[in-house]
Amino acid sequence: MPPLGAAHPGTIQRQPEGEAPAPVTDSPAAQAPVRLPPGMKVVRDVPFGDGRDELVVQLDSFALPLEKGIGPWVKDAHDLAGGAGRLVFTPLFNGTDPERVSAFKEGSEKYKKIWLNNFGFSSERALSDAFLKAGESDPVVATALKAKGVDKTVRNLGKGLGKSGCDIDHIVEKQMGGTSVPSNLQILDATKNRESGSNTFNKLLEVVDAIRAPDMRGSEVRNIQIRLGHVTVPTGTDDPSFHIEDMLRAGRIKGTMPDSATAGSPLALVAGGVTEVIRVAETGVTPIDNSAKRLIPGVRIKSYERGAEGAWSKSDKVAGRLDSLAKKRSGADRPEVDLIAEMATGPVPDNVAAGEMRKLRLTPGANEKIEFYYPYLSPGYLSFAPLDAKGGLKAKGTINSTVPMLGDIAVEYSATQDGGEKLAVVSALGKDALTAPGKLFRFTEGALALDLMPEFVPRGAIGFEIGPAENPIATGKLEAGLIGGAFNVTGSLVPAMGLPGIDAAEGNVSYTSGAGWAGSLKAKSSKIRGARVDAEIGFREGDGGIAVFATGGLSFGLGGASVDMKLDYADERLVYSGGATVTDPVPLVKSVALHGTYSEGEVILTGNAGVEVRGVNAGLEMTYRRKDGETGAFSGTGTTQVKAGKATGTITVTLHPDGVISGTGLIAYQLNDHLRPELGVELERSGRIKLKGGVSVDDIPLSPAWPKDGKALNTLFEAGVEMPFPLPPPLTFINATAGISGAVRFGYQLGPIALKEVTFEGSLYPFEAEMEVKAALSGKITLPGSLNLEGVVEGSIGAELAKGAVGVKGKLAVVPGLHLNLDASTPFSADYDKDGLALSVAAQAKLAITGTVGFEAAIEGYAAYGLMSHEIREKIAEYGPVNIGPELTLHLGTLSRAKDGTITPPSLSEIRIDPAIDPKAFMKQFTAEGTGQNKVTVTEKVPDATERLKRGLEEAKGRAVAGPSGLGFSTLE
């Protein structure tokens, strides 16, 4: 960072060519004191607060220890040099002897010759003779010669400067930045000169020693420059040297050297009504040293270049440089302000000791972007307007501030002949004009004002915020000011959001030229009860801009362990991370290693632990949660596989926030290839393990159906009669027959008896002294049955030949049927627990009656008196089945046994039939439901039956073993 140093108030310093401002580094947020003796302030300090590389200080006032003569020009020279900032003392330390110090002195000119030549003399003898001769005709000079010791000194001067008892003295000591220009030389009593010089040096060394004192900067600081502000000159005393210098400066004594020998002819330069006489050679370039006075405000004339026609040129070139402050090094600047000296019209005024007069003005178009160096804010440039009527200088420009937040500052400059000088910022620097150091830093309100002259005074306040725009972590307000002569801003910093783990925090923020931006918040208390917090959240400026940092952390107790969490800033949020190993955090868990974070108001720690319950080990994923202001709690889940013999299963364990562990699972046991019941396992919140489950058993037959062919019908009774009767001629060979018969058939079946819908459910606590066994059994025993009863009434008519040798009959039968379906069952249940066994058995039977009516047709053929026969029988129509009345349920009651052993037999009120039978409704239902159902006409079956009869007779014929061959078959057909 280039220096934001403190220079002399109200000055502009030209940036030396090829010399970049020295950086000031490692500047802390605030540096008070700067470890300097009273009355000093820092101009340049590298590194800041140390100064080993370079230390430049401003000493506000300094008093010369001894006089330098009574002449008024002594005070004037010091005032002008001090006002121009040219009074500088630079101690030089001997390389072999660190304590041996000398003073830097500019130049090694033969200043006695310069002093003599300035007044037109080439030797001391010439000056002495001229002085004595002037005393003969000039009463003022004669009076001076009569002063004490003057005549003697003048006469001895003719013998040599040393014989006169005088020296040629630098009015402003060379060790204080004085040069050997004629205006800075005087003749002075040798004793006064030498004592003043040595005493001044010793007093300046005292200042150096004070700076290098152990409690200040220390002896390692050796590259020192001391800039002197106001220098107090002691009142002088009269002596011969004063009268000699006074007469020379008053022009009473003039030498006879030609103008060429005194560096040219006198030339009057005019600017804005102010005239300055300089000596300029007839041709070429004449260097100009005008350190004591500037013709154009703010510009020092460096050289004068004659035009092509010499003194007769219409315009000459004048080179100057912008200057309001002495430089660290002489000769470091190139002239860069271009001026024109044009021949002025009119005679030279009588009071101007010159034969030539020229008017100065700025060269048009040649003075844009003149570089300069403003010590507080570093480099800049000015573009000058033409000189005004009074010779004033005006310019507009920019300071390219080396303070990043200030950026480029638009300024205006003006200087007038009356000594007024102004450098001002065009407008205040609002939040939008300031440059933030990175995306995480934003100026939000306010403005800064900068007073540049007569002193650099930054003023104003500006608001800012740090962190993501949508969620800043801190805000603050900055006040601009100076610390140790350097620009800085300081202010307070407050949290902009709830900081995790921090209940209250306070801090500060600052900008300094060395360290840039820095600020921090330090925690005062924690939001977690009983927690210890030592956290700091802040930001600092680096190569990549503003970087937010977080250090420290917090710790709190958990189950006898200390959970230590480190604070960090990542992914634009503040997060604590850490953990601890906690012993016996909850029942059944011996220890768990926890690790996690604390962010957004909640601590979340996780870890894996083992839990053992009744010999069963399970892995438990534990989580500890704790919100700000609340009590923390554990929770978690875990699953384990169980395999022991034929038993396999899974158990899931849950840790509840209140610290209680429970769990559920299933365990299957392979009884056989077809039976694998599952038992539920439950770890209750009380810590007890409960087994529970149920088994459903497939239907189990207890006996087969009886009889096996119970659905077949057996003939119970059969009877009939057939009567032949002859037919009239010519059919007397055929006998007709007619008959009627009847039969009763029946069939029945019982069973199979079966055990159905059997289920078992139970539970117990196998690891407890009181196992609390509970069991429940339910099912039923079933006995199905059926009874089928049919009656057959059949009529026939036929014909036969040869008294029955061959015959055929047609038959029609009516078959009514009655069918009874029985479903008897005995539901049962058993319930067992610690109070005893309870049983319950009930009996019931369901009876359904259906009826059918069928019609059958048959054709029978026979031969050989019945030895061969074949019958074709078809069911040609059927009605039914129809329900005969409703389904009836017979309840026989319930037999039960209570857990206390009490047996309750069925009561008569339980024996009933549902629903009750209404005979009329029964008959009506039977006739209604049997009408028109499943009817088939006979005609649909007869053709097919005839054909089948013929085929049957042919088959019977082939099987015949007796009887006349082919008897009557064709006729029968």
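**Reading the model**

Guide: Of the 973 residues of the protein, 45% count as buried, where buried means under 20% relative accessible area, exposed over 50% and partly exposed in between (1.4 Å probe, protein chains only). This is a predicted model, in which local features need pLDDT of at least 70 and side-chain atom pairs count only at pLDDT 80 or more, while totals for chains, interfaces and linings use all residues. Residues are numbered from 1 along each chain as its sequence is written, and side-chain values use heavy atoms, with hydrogens and water left out.

Visitor: How many helices and strands does the protein have?

Guide: Helices (H or I, at least four residues) and strands (E, at least two) are DSSP runs, numbered from the N terminus. The protein has 10 helices and 50 strands. As for contacts, meaning heavy atoms within 4.5 Å, residues 24 or more positions apart account for 55% of those in the protein with a separation of 6 or more.

Visitor: What is the order of the strands in the open sheet of 4 strands?

Guide: Two strands pair if DSSP finds at least two bridges between them. Here the order is E1-E2-E8-E3, with mixed pairing. Strand E1 (40–46) and strand E3 (88–89) each have a single partner strand and stand at the edges, so one side of each lacks a neighbour in the sheet. E3 and strand E8 (residues 224–232) run antiparallel and are joined by 2 bridges; Val88 has Arg227 in E8 as its bridge partner.

Visitor: Which helix packs on the sheet?

Guide: Angles run from 0 to 180 degrees between N-to-C directions, and axes are lines fitted to C-alpha atoms, for helices over the stretch in contact. Helix H6 (residues 190–211) packs on the sheet and touches E1, strand E2 (54–63), E3 and E8. The direction of H6 makes about 130 degrees with that of E2.

Visitor: Is His78 buried or exposed?

Guide: His78, placed in helix H1 (residues 72–83), has a relative accessible area of 1% and is therefore buried. Not counting residues up to four places away in sequence, His78 touches Leu64, Lys68, Leu87, Ile171, Val172, Val231 and Val233. The side chain of His78 also reaches the backbone oxygen of Ile171 at 3.5 Å.

Visitor: How many aromatic pairs does a search of the whole structure find?

Guide: A pair of aromatic rings is described by the distance of the centres and the angle of the planes. Rings of Phe, Tyr and Trp (its six-membered ring) pair if their centres lie within 6.5 Å; planes under 30 degrees apart count as stacked, over 60 as edge-to-face and the rest as tilted. The search finds 12 aromatic pairs. One of them is stacked: Tyr576 and Tyr598, at 5.4 Å centre to centre with 25 degrees between the planes. Tyr576 belongs to strand E31 (residues 573–583) and Tyr598 to strand E32 (residues 591–599), so the pair ties together parts that are 22 residues apart in sequence. Tyr576 is buried at 0% relative accessibility, and Tyr598 is buried with a relative accessible area of 0%. Tyr624 and Phe634 form a tilted pair, 5.1 Å centre to centre and 55 degrees between the planes.

Visitor: Where does the charged end of Lys203 sit?

Guide: A charge sits over a ring if NZ of Lys or CZ of Arg is within 6 Å of the ring centre and within 35 degrees of the ring normal. The charged end of Lys203 sits over the ring of Phe62, 5.2 Å from its centre.

Note on methods. Polar contact = N/O pair within 3.5 Å; in protein donor to acceptor, adjacent residues only side chain to side chain.
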